[in-house]
Amino acid sequence: HALGGFLDAGAARQLAVAHLLATYDHRTVAEFDIDALYDYRARRPRMVFDTDHYEAIDYPELLLSELTDQDGTGFLLLHGPEPDFGWRAFNAAVVQLIERYGVRRSIGLNAIPWAAPHTRPIGVTAHATDPSIVMGRSTFVGAIQVPGHMAGALKIAIGEAGHEAMGFAVHIPHYLAQVEYPRAA
């Protein structure tokens, strides 16, 4: 899963999703009711006004797509904006989809602003519902409180439902957090 919005420093999630969708064959297998989950006043969609009329509006979509990689292996990709509302219901729906499609492991993509220069290799923090999955990877922090976000809430819900979930948070130089940083994707 790669939900846009919070924890998408350097547009890393956005760039990764765009690359996957442009590279692999895909089809939509589920679409969430965006009107029930999205705050249009907080994140207004783009509109086109042409001379004397409104021509188009770019409504957001929250989709589960099935992709097929170059080896013919299928995988699912949950993408779109992070929900503003209905987090528990959204998490429950995702767990139902995991069970319906027999997903073995859920992997979340995150990108966080970090106090590191762009001249160094990009750091990555790995996390998982089963610590043995990420054992041996270096850690950068101990226990800290962070603002709530759907990627974390989703990982907790998936783990509580008895399924395996993990994720990676790339460390984006803080001064590049608001611009596209393709290296992070």
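Is Asp84 buried, exposed or partly exposed, and what is its relative accessible area? Asp84 is partly exposed, at 31% (buried means under 20% relative accessible area, exposed over 50%, partly exposed in between; 1.4 Å probe, protein chains only). The model is predicted, with local features needing pLDDT of at least 70, side-chain atom pairs counting only at pLDDT 80 or more, and totals for chains, interfaces and linings using all residues. Residues are numbered from 1 along each chain as its sequence is written, and side-chain values use heavy atoms, leaving out hydrogens and water.

**View 1. The salt bridge of Asp84 and Arg43.** The closest N and O atoms of this salt bridge are 2.8 Å apart (a side-chain nitrogen of Lys or Arg within 4 Å of a carboxyl oxygen of Asp or Glu). Asp84 lies in the loop between strand 6 (74-81) and helix 3, and Arg43 in the loop between helix 2 and strand 3 (47-50), so the pair ties together parts 41 residues apart in sequence. Helices (H or I, at least four residues) and strands (E, at least two) are DSSP runs, numbered from the N terminus.

**View 2. The salt bridge of Arg105 and Glu164.** Their side chains meet at 2.3 Å, N to O. Arg105 belongs to strand 7 (residues 105-114) and Glu164 to strand 9 (residues 164-173), so parts 59 residues apart in sequence are tied together.

**View 3. The largest nonpolar core.** This core has 19 residues (buried Ala, Val, Leu, Ile, Met, Phe, Trp, Tyr and Cys residues joined through side-chain atoms within 4.5 Å). Helix 3 gives the most to this core, with 5 residues.
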